[in-house]
Amino acid sequence: MSENGALVKVEDLQKRFPVTKSVFRKAEHFVHAVDGVSFEIAHGESLGLVGESGCGKTTTGRVLVKLDEATGGRALLADEQGLIDVAHIRQEDMKRFRQRVQMIFQDPYESMNPRRTVYDTVAEPLAIQKIGTRLEREEKVAQLLQLVGLTPPASFLFRYPHELSGGQRQRVAVARALVVGPSFVVADEPTSMLDVSIRISIMELMLRLADELGVSYLYITHDLAVARYMCDRIAVMYLGKIVEVAETEELLANPLHPYTRALLSAVPVPDPSYKRPPVEIKGGISKAIDPAPTCRFLDRCPWAMDICRENDHPPLEDKDDEHYVACYLVDKISA
Amino acid sequence: MQVMQSPGTTRQGGVPGIPLLEVDNLTMEYQVEAGAVSAVANVTFDLEAGESLGLVGESGCGKTSVAMSLLRLQADNAVFRNGEIRLNGQDLLALSEPEMRTHRWKDISMVFQGAMNAWNPVYRVGDQIREALRVHFPDMTVAEGRERIRALFELVGLNPDMMDRYPHEFSGGMRQRAVIAMALSCNPTIIIADEPTTALDVIVQDQILKELKKVQHELGMSIIYISHDIAVIAEVTDHLGVMYAGKLMEYGTTEEVFHRPRHPYTFLLLSSTPSITGPRRKLAPLEGEPPNLLDPPGGCRFNPRCPFATEKCEREEPPLEEIGPGHTVACWHHDQVPKTLLHELRV
């Protein structure tokens with residue numbers, strides 16, 4: 001944990017949603033949205049969490065900031081006072097937790113209250129945490145706006161969300177997330193609603209602030225090119241399971257899991273003369289309702305064998321120098 | 001009734017000697033309370049039979065306004081100030097609405113942005129397509145209609161039995177395939193695909209784009225792709241038009257524009273696109289925001305954000321000028337744009 005430099009340590013995290021026909025009936029089936037996920041994020045490191053929609057990446061993020069309660073496992077967060085277990089947090093630690101962990105949402109048009117000014121929005125976490133006097137808060141908010149490039153701050157403080165462009169709103173969202181000085185920020189597709197030209201400036205802003213303020217990100221995205229730009233390591237998720245984790249360039253150059261290989265070969269490349277390899281898998285992601293005790297990727301895997309059918313989902317194993325993969329056939333496929 | 005071609009046969013398109021579609025100096029404004037929004041200004045391009053053309057640019061640059069104009073489905077407050085849209089030499093803007101109706105869907109059809117979420121949930125998908133067919137082919141029997149939809153579903157890679165299912169039984173990718181089937185139902189010569197894969201996952205996106213390419217090839221259609229995703233455009237188009245603030249800034253073959261962009265906007269757009277291939281590199285953000293088109297900047301509309309802008313750019317608007325075979329650009333300083341993208345700067 002803190003002794004080996006990890007800021008966040010997630011162990012066998014689970015989140016199941018009941019599927020009920022009526023509120024009076026006991027749930028018999030569950031969506032295994034997050035199904036035994038483990039990973040670590042070091043101080044100042046950014047981990048990308050990628051996968052198709054419905055793979056559980058957003059739920060993982062929501063559990064880590066406690067917008068959803070975990071149904072199993074642990075998620076430990078280190079700070080100078082010790083460890084906080086997100087899954088079993090004590091009431092007295094709640095305030096401390098909210099100071100350490102924040103979230104940036106996908107849609108800057110939806111995540112902001114249209115009737116509150118930029119000042120209200122950014123100062124709210126400070127007010128809830130009872131940090132500073134009103135004057136100090138104003139100063140802090142102005143300082144944050146300056147930091148995220150909304151200058152001069154005075155001209156933005158009392159604007160409403162509809163008076164801002166998409167890029168400016170997302171800057172406000174970044175300012176709100178960072179105003180209490182968190183060490184860990186879950187960013188859920190923070191740039192996917194933005195135009196290409198504005199996207200890079202928000203990404204650059206987040207990278208710069210991570211560096212200056214020592215923030216670690218769990219960066220959730222479906223866009224591998226964005227994950228490459230933002231993250232030190234990338235974890236690939238499929239139906240509630242992490243199927244591969246590695247250092248970013250290693251993962252892109254050397255994908256081991258058949259799903260990662262398919263995902264990478266499907267990403268369009270901004271070069272008309274580049275010819276992509278064929279995508280080896282078909283169809284869309286299935287639903288994670290009561291998954292069978294087999295490899296979760298079985299029905300889409302072009303290499304599936306008896307071993308994948310007869311055993312539960314393979315464990316995540318270190319294949320080579322911190323390159324983890326969960327596949328029984330990894331040696332056969334890469335050969 | 002005109003005998004319908006079965007999908008799968010190549011159609012011979014157009015009048016020899018002239019392009020299939022010519023957009024000539026198209027200028028369109030939206031009338032709003034505060035004045036006129038100059039959404040499309042002097043846009044000119046051609047589309048040949050069987051060609052695929054991409055239109056790229058930021059949101060609000062006029063891509064969708066151009067597309068809607070081609071179908072004459074522009075909003076009620078839109079006013080055409082100038083220009084012509086000629087299909088086989090005939091100006092569509094001069095047609096009456098009933099005359100236009102004979103071209104819409106049959107000659108030019110469209111896959112609308114977000115259409116996959118616009119299926120009526122209480123009707124079977126096949127019935128909704130048959131409804132569209134019935135309007136254009138009133139004499140078609142139910143059995144003929146079903147046969148036609150069966151063929152269309154097969155063409156776009158859907159199981160024909162799915163036509164008797166409801167939209168909620170389709171996945172996102174399947175709904176989008178059905179939208180494409182519907183756009184193909186009247187055998188159009190031109191399809192406009194407005195962000196056809198934006199909401200889809202990459203693996204499904206890959207399948208849909210391949211399917212569109214295959215169908216285009218089999219039917220000899222032309223496709224206009226509209227997207228903000230430059231990587232998608234790079235893969236599926238032969239020609240590319242880059243729009244900014246209602247203006248066509250650069251036009252050429254996709255190959256040429258990507259490898260030798262000559263407009264500063266294209267150059268910066270390409271320099272700010274991340275990729276999973278090639279060296280990991282620093283990307284250059286494009287500073288500022290697109291202008292308010294109620295009051296567009298004088299001279300070149302890109303001048304307030306352009307690193308190469310001079311006083312001349314604020315005063316005089318650069319014309320679209322041919323700088324190489326089939327490569328046009330509207331910039332006074334196109335010779336100053338660096339020959340290599342900013343990608344050279346490695347992280």
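A: A residue counts as buried if 20 or more other C-beta atoms, placed from the backbone, lie within 10 Å of its own, as exposed if 12 or fewer do, and as partly exposed in between. The model discussed here is predicted, with local features needing a pLDDT of at least 70 and side-chain atom pairs counting only at pLDDT 80 or more, while totals for chains, interfaces and linings use all residues. Residues are numbered from 1 along each chain as its sequence is written, and chains are lettered from A and ligands numbered from 1 in the order in which they are written.

Q: How many of the residues of helix α9 of chain A are buried, and which are they?

A: Helices (H or I, at least four residues) and strands (E, at least two) are DSSP runs, numbered from the N terminus. Helix α9 of chain A covers residues 258-266 and is mostly covered, since eight of its nine residues are buried. The buried set consists of Pro258(A), Tyr259(A), Thr260(A), Arg261(A), Ala262(A), Leu263(A), Leu264(A) and Ala266(A). Over chain A as a whole, 48% of the 335 residues count as buried.

Q: What do the secondary structure and the radius of gyration of chain A come to?

A: The radius of gyration is taken over C-alpha atoms, and the globule rule is 2.2 Å times the number of residues to the power 0.38. Chain A has eleven helices and twelve strands. A compact globule of 335 residues would have a radius of gyration near 20 Å, and the 21 Å of chain A agrees with that. Taken along the principal axes, the C-alpha atoms of chain A fill a box of roughly 65 × 55 × 45 Å. Two residues are in contact if their C-beta atoms, placed from the backbone, lie within 7 Å. Of the contacts in chain A with a separation of 6 or more, 64% are between residues 24 or more positions apart.

Q: What are the corresponding values for chain B?

A: Chain B contains ten helices and twelve strands. Its radius of gyration is 21 Å, close to the 20 Å that the globule rule gives for 347 residues, so chain B is as compact as a globular protein of that length. The C-alpha trace of chain B spans about 65 × 50 × 45 Å along its principal axes, and 47% of the 347 residues count as buried.

Q: At what angle do α3(A) and α5(A) pack, and how far apart are their axes?

A: Axes are lines fitted to C-alpha atoms, for helices over the stretch in contact, and angles run from 0 to 180 degrees between N-to-C directions. Angles under 35 degrees count as roughly parallel, over 145 as roughly antiparallel, 65 to 115 as roughly perpendicular and the rest as oblique. Helix α3 (residues 118-128) and helix α5 (residues 166-178) of chain A pack at about 25°, with their axes 7 Å apart, and α3(A) and α5(A) are therefore roughly parallel to each other. In this contact Val118(A), Thr121(A), Val122(A) and Pro125(A) of α3(A) meet Val172(A), Ala175(A) and Arg176(A) of α5(A).

Q: How do the axes of α5(A) and α6(A) cross?

A: The axes of α5(A) and α6(A) come within 10 Å and cross at roughly 15°, and α5(A) and α6(A) are therefore roughly parallel to each other. Among the residues of α5(A) in this contact are Gly166(A), Gln170(A) and Val174(A), and among those of α6(A) that they meet are Ile198(A), Ile202(A) and Leu205(A).

Q: How many residues does the contact take from chain A and from chain B?

A: The contact takes 33 residues from chain A and 31 residues from chain B. On the side of chain A that touches chain B, α6 (196-213), α7 (224-230), α8 (248-253) and α9 each supply at least two residues.

Q: Which peptide bond is cis, and which residues other than glycine have a positive phi?

A: Most residues other than glycine have a negative phi, and most peptide bonds are trans. The bond from Thr151(A) to Pro152(A) is cis, with omega near -10°, and Pro152(A) lies in the loop between α4 (134-147) and α5 of chain A. Glu195(B) has a positive phi, near 45°, in the loop between β7 (190-194) and α6 (202-219) of chain B, and with 19 C-beta neighbours inside 10 Å Glu195(B) counts as partly exposed. Ala245(B) has a positive phi near 50°, in the loop between β9 (239-244) and β10 (247-253) of chain B, and with 24 C-beta neighbours inside 10 Å Ala245(B) counts as buried.
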